[in-house]
Amino acid sequence: MSRSPSLYVDRNTVLHRLTARSKLVLLLGVFTTAYVFGHPAAVFVPLAASFIALIYAGGWRNFKRLAYIIAALFLVGFVVWPAFTASGGPTLLHTPVVTVTRREFLFALGRSERIAAFIVGGLLFVTTTSNEEIVAGLRSLGLPYAFCFAVGTALRLFPTFLGATGTVQQAQAARGHEVSGGNPISRLRGYIPLLIPVFMTAIRNVQTQAMALEARGFDTRRDRTFYNKRSFAPADWAVVVISLVLIVGSVWLSLAGFGGI
């Protein structure tokens, strides 16, 4: 059986009770903190805070679903990033093929942690915010409804895409094509035959949704109302203030030379 495609986890936590707008500001604070610093120790702080908050909000299942993607991006970045900085400091690894210095190691680790922080922070947001709240929150910020609808649709199709991947994987496993065994390289090779049926399934779902919208006379130019429109509570204002302090403080510390390599 396929797992539930939705990334939203319906719980009654502090994060769930916040409005989408305040959580967007908090997400901006996490992204800014992870972006302005380069040292792995400084970037690890927003990454660890986002991960702990994700577990608290009940997002462990979502994290496991994307763990392979996060690990792949982390490892690929860790291998590629040293080529984008100058060498410096003592040599940590020396082989006939490659030499890694301390600066290259810290640069690659910090950049990989930054990408992981972006993914985990975004995953925390969609875990605690339903698609309807996201669309209503973006619209309340004055963004065009067409853009808000596109964001909501993309977030809705992403878990559907993951669900289609699981369904195709099970269908191929029933035909004798196993992708879960072997070393990581063998697993990556095993996923290649799944690409075409997965993308065809995704395209078919998009076409079906487009036809359903046209059949209902969908028009993004009309004014929209939202059933569950929420106003700012004191907790939302507190989160906004903390996030702004986080953004300004991290930028100021970065300009002062803190958190560099």
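Tutor: The residues lining the second largest pocket comprise 10 nonpolar, two polar and no charged ones (Ala, Val, Leu, Ile, Met, Phe, Trp, Tyr, Cys and Pro count as nonpolar, Asp, Glu, Lys and Arg as charged, the others, Gly among them, as polar). The model is predicted, so local features need pLDDT of at least 70 and side-chain atom pairs pLDDT 80 or more, while totals for chains, interfaces and linings use all residues. Residues are numbered from 1 along each chain as its sequence is written, and side-chain values use heavy atoms, without hydrogens and water.

The pocket (on a 1 Å grid over protein atoms alone, an open set of points for a 1.4 Å probe with protein on both sides within 12 Å along at least five of seven lines; lining residues have an atom within 4 Å of a point) has a volume of about 240 Å³, the space filled by probe spheres set on points joined across faces, edges and corners. Its lining is made up of Leu26, Val30, Thr33, Phe37, Ala42, Val45, Pro46, Ala49, Ser50, Ala53, Leu124 and Leu246.

Leu124, one of the lining residues, brings in helix α5 (residues 102–128), whose axis comes within 9 Å of that of α4 (residues 60–80) and crosses it at roughly 160° (axes are lines fitted to C-alpha atoms over the stretch in contact, with angles from 0 to 180 degrees between N-to-C directions).

Definitions and conventions. Helices (H or I, at least four residues) and strands (E, at least two) are DSSP runs, numbered from the N terminus.
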